[in-house]
Amino acid sequence: MNIPVVLNGNKVMLLDDADTPLLSVLRKNKLYSTKHGCEKGMCGSCTVLLDGKPVPSCKVPVSLAVNRNIQTLESFRKTEEYQDIMKGFSKAGIKLCGFCDTGKIFAARSILLSPEKPNRNTIHEEVSHLSPCCTDEDTLINGILYAVEYHMKRVED
């Protein structure tokens with residue numbers, strides 16, 4: 001099946017079976033920021049942005065991506081939002097392991113773009129399902145709170 005998508009800002013045609021998980025298709029296309037983790041959509045290791053919303057790519061059949069915008073970490077790393085998140089994570093002492101980065105970073109992005117200023121409980125609800133492989137939840141929450149501060153300062157300037 002030919003699947004037209006916008007992938008990391010480029011109109012492309014993906015070729016695969018309709019029910020193939022988006023994760024597998026992305027990895028076949030050498031986008032390795034998405035990782036095989038729990039394969040149940042819970043750990044966050046395969047997270048991508050689909051029309052701007054974080055989704056577990058292991059649970060999305062590629063046929064559901066027709067004419068949609070997919071952004072992976074490879075592209076997101078070039079944004080100012082990514083820089084805000086990395087500054088916040090660094091201030092909290094978070095050193096990402098490379099395996100679970102996408103879930104943590106895209107959860108942080110979702111929180112950054114929320115219309116309301118988040119609190120610890122709100123952030124906990126967003127990140128409690130993520131793989132704890134390289135940082136504990138309290139440190140991740142702190143990193144996201146710092147990232148929110150950096151983001152708010154940057155957009156106000």
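Hi everyone, thanks for coming. Two housekeeping points to begin. Residues are numbered from 1 along each chain as its sequence is written, and side-chain values use heavy atoms, with hydrogens and water left out. Because the model is predicted, local features need pLDDT of at least 70 and side-chain atom pairs count only at pLDDT 80 or more, while totals for chains, interfaces and linings use all residues.

Let's start with helix α4, residues 101–112. Helices here are DSSP runs of H or I with at least four residues, strands are runs of E with at least two, and both are numbered from the N terminus. How far apart are the end C-alpha atoms of α4? They are 16 Å apart, which agrees with the 16 Å that twelve residues should span at 1.5 Å a residue; the expected span is 1.5 Å times one less than the number of residues.

Now, is α4 enclosed or open? Eleven of its twelve residues are buried, so the helix is largely enclosed by the rest of the structure. Buried means under 20% relative accessible area, exposed means over 50%, and partly exposed is in between, using a 1.4 Å probe and protein chains only. Among the buried ones are D101, K104, F106 and R109.

Helix α4 also leads us to the largest pocket, where α4 gives the largest share of the lining, four residues. Strand β4 (53–56) and α4 each supply at least two lining residues. A pocket, on a 1 Å grid over the protein atoms alone, is an open set of points where a 1.4 Å probe fits, with protein on both sides within 12 Å along at least five of seven lines; lining residues have an atom within 4 Å of a point. The volume is about 180 Å³, counted as the space filled by probe spheres set on the points, which are joined across faces, edges and corners. Of the 13 lining residues, T47, P54, V55, H129 and L130 lie nearest the centre. The lining divides into six nonpolar, six polar and one charged. Here Ala, Val, Leu, Ile, Met, Phe, Trp, Tyr, Cys and Pro count as nonpolar, Asp, Glu, Lys and Arg as charged, and the others, Gly among them, as polar.

On to single residues. H151 sits in helix α6 (residues 137–156) and is buried at 10% relative accessible area. What does its side chain pair with? The side chain of D84 is its polar contact partner, at 3.0 Å. A polar contact is a pair of N or O atoms within 3.5 Å; within protein, one must be able to donate a hydrogen and the other to accept it, and residues adjacent in sequence count only if both atoms are side-chain atoms. Beyond four places in sequence, H151 is in contact (heavy atoms within 4.5 Å) with E81, D84, L112 and L113.

T20, in the loop between β2 (10–15) and α1, is buried at 11%. Its side chain makes a polar contact with the side chain of D16, at 3.0 Å.

Most residues other than glycine have a negative phi. E39, however, has a positive phi of about 65°, and D51 has one of about 55°. D51 lies in the loop between β3 and β4. E39 is partly exposed at 40%, and D51 is partly exposed at 39%.

Thanks, happy to chat!
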